Amino acid sequence: MTTRPRRAIGFTTDLVAGAVAHRSWSVATQTPPTEFYSRFGPLPAVVGVVGQPETWDIVGSTRTLRLSDGSTVIETITHSEAGAFFAYDLSQFTGILGRLVSGGRAEWTFTPAGSGGSDASGGPGGSSPRSEPATTNIRWQYRFFPLPGRAPIVRAIVGLFWAPYMRRVLSVIVEAIEARGSRPHD
């Protein structure tokens with residue numbers, strides 16, 4: 001007997017950050033989610049993190065996000081390539097999403113976009129006096145896996161709320177990357 005593949009409903013957004021790829025990756029992955037994920041319409045804010053490892057970049061690490069509506073979700077890192085790619089699965093949603101989806105997946109891609117020279121570690125994508133400042137294209141893809149019969153509701157939530165929420169969150173992350181990129185010891 002064969003199983004049907006899970007159908008995903010998702011959204012992808014991207015922005016360019018005025019910083020090298022490694023710095024962009026570090027700020028986006030290592031900053032606590034409580035700093036970036038505020039409430040948006042009916043979508044709750046991330047208000048706490050339980051079980052956060054010292055660094056959030058080791059494949060297999062898990063943490064539980066506490067949300068402002070009292071619900072939780074577990075994140076598990078599935079792929080981590082410093083400065084380039086980061087992915088995690090979301091499971092055990094409680095609250096309304098727990099009745100709509102079996103899980104989710106987030107993928108972050110960091111691609112050098114500006115000419116730049118090299119960053120402080122000698123890697124590509126920095127800036128020098130003779131080149132343009134380094135920039136990084138950040139692409140964030142998020143997918144939900146709806147439970148049977150719930151796809152129309154999940155599609156509506158993604159279209160009406162999740163897509164604009166992602167654009168707003170990514171803008172906040174880019175602002176943080178650029179602000180921290182100007183500090184010499186961040």
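1. Helices (H or I, at least four residues) and strands (E, at least two) are DSSP runs, numbered from the N terminus. A8, for instance, lies in the segment before β1. The model is a predicted one, in which local features need pLDDT of at least 70 and side-chain atom pairs count only at pLDDT 80 or more, while totals for chains, interfaces and linings use all residues. Residue numbers start from 1 along each chain as its sequence is written, and side-chain values use heavy atoms, with hydrogens and water left out.

2. Overall make-up. The protein has 3 helices and 7 strands, and from the N terminus on they follow the order β-α-β-β-β-β-α-β-β-α. Of its 186 residues, 39% count as buried (buried is under 20% relative accessible area, exposed over 50%, partly exposed in between, with a 1.4 Å probe and protein chains only). Among contacts (heavy atoms within 4.5 Å) with a separation of 6 or more, 57% are between residues 24 or more positions apart.

3. A8 is partly exposed, at 39% relative accessible area. Beyond its neighbours within four places in sequence, A8 is in contact with R143, F144 and F145. The C-alpha atoms of A8 and F145 are 4.8 Å apart, although 137 residues separate the two along the chain. P148, in the loop between β7 and α3, is exposed, with 71% relative accessibility. Its C-alpha atom is 9.9 Å from that of R7, 141 residues away along the chain.

4. In soluble globular proteins, nonpolar side chains tend to be buried together.

5. Y37. Which residues does Y37 contact, leaving aside its neighbours within four places in sequence? They are A45, V46, Y88, W108, W140, Y165, V169 and I173.

6. The cavity. The structure holds 1 cavity of 30 Å³ or more. On a 1 Å grid over the protein atoms alone, a cavity is a set of points where a 1.4 Å probe fits but cannot get out, and lining residues have an atom within 4 Å of a point. Grid points are joined across faces, edges and corners, and the volume is the space filled by probe spheres set on the points. For the largest cavity this volume is about 130 Å³. The lining has 14 residues, of which A28, T29, Y37, R63 and Y88 are the closest to the centre. At least two lining residues each are supplied by α1, β3, β5 and β6. By class, 10 are nonpolar, 2 polar and 2 charged (Ala, Val, Leu, Ile, Met, Phe, Trp, Tyr, Cys and Pro count as nonpolar, Asp, Glu, Lys and Arg as charged, and the others, Gly among them, as polar).

7. T29. Leaving aside neighbours within four places in sequence, T29 is in contact with W56 and F86.

Methods
1 Å grid on protein atoms, 1.4 Å probe; cavity = no way out; pocket = protein on both sides within 12 Å on 5 of 7 lines; lining within 4 Å.
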